[in-house]
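Please read them with the coordinates open.

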Amino acid sequence: MPIINVTTWEGQDDEIARELMIALTNATREVTGAPLDKITVYIHEVPKNRWAEAGSIGSDPDFPIASRRQQ
């Protein structure tokens, strides 16, 4: 029974999340052969102020540069 966990920042668009969950389910079915009713996909949304990369908090204004997402 595959369980797929996607972790992202909160506030993602519902339609994009829906499309992602469907695509991941279908890809998992195609690759593993698991029955659709045995594939679980969930999205865990984390607030930006509870996310850090390279020691920089996601809600900090300098996050894109400090985390090296933008250089």
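1. Confidence. The protein has an average pLDDT of 94, and 97% of the residues score at least 70; pLDDT is the predictor's confidence in each residue, from 0 to 100. Helix α1 (residues 14–32) has the highest confidence, at 98, and α2 the lowest, at a mean of 88. Helices (H or I, at least four residues) and strands (E, at least two) are DSSP runs, numbered from the N terminus.

2. Conventions. This is a predicted model, in which local features need pLDDT of at least 70 and side-chain atom pairs count only at pLDDT 80 or more, while totals for chains, interfaces and linings use all residues. Residues are numbered from 1 along each chain as its sequence is written, and side-chain values use heavy atoms, with hydrogens and water left out.

3. T28. This residue is found in helix α1. T28 is buried, with a relative accessible area of 13%; buried means under 20%, exposed over 50%, and partly exposed in between (1.4 Å probe, protein chains only). The T28 side chain reaches the backbone oxygen of L24 at 2.7 Å. Leaving aside neighbours within four places in sequence, T28 is in contact (heavy atoms within 4.5 Å) with P2, I4, G33 and I39.

4. S67. The segment after α2 (63–66) holds S67. What is the relative accessible area of S67? The value is 9%, so S67 is buried. A polar atom of the S67 side chain lies 2.7 Å from the backbone oxygen of F63. Apart from neighbours within four places in sequence, S67 is in contact with E53, A54 and S56.

5. A54. This contact of S67 sits in the loop between β3 and β4 (56–57). A54 is exposed, because its relative accessible area is 66%. A54 is not a glycine, yet has a positive phi of about 55°.

6. Y42. Strand β2 (residues 40–46) contains Y42, which is partly exposed at a relative accessible area of 40%. Together with M1 and I3, Y42 forms a nonpolar patch on the surface, with about 360 Å² of accessible area in total. Accessible areas come from the Shrake-Rupley method with a 1.4 Å probe; for residues, only the protein chains shown count as cover.

7. P47. The loop between β2 and β3 (52–53) holds P47, which counts as partly exposed at 26% relative accessibility.

Methods: Polar contact = N/O pair within 3.5 Å; in protein donor to acceptor, adjacent residues only side chain to side chain. Patch = residues over 30% accessible without salt bridge, like charges linked within 9 Å, V, L, I, M, F, W, Y side chains within 5 Å. Salt bridge = Lys/Arg side-chain N within 4 Å of Asp/Glu carboxyl O.
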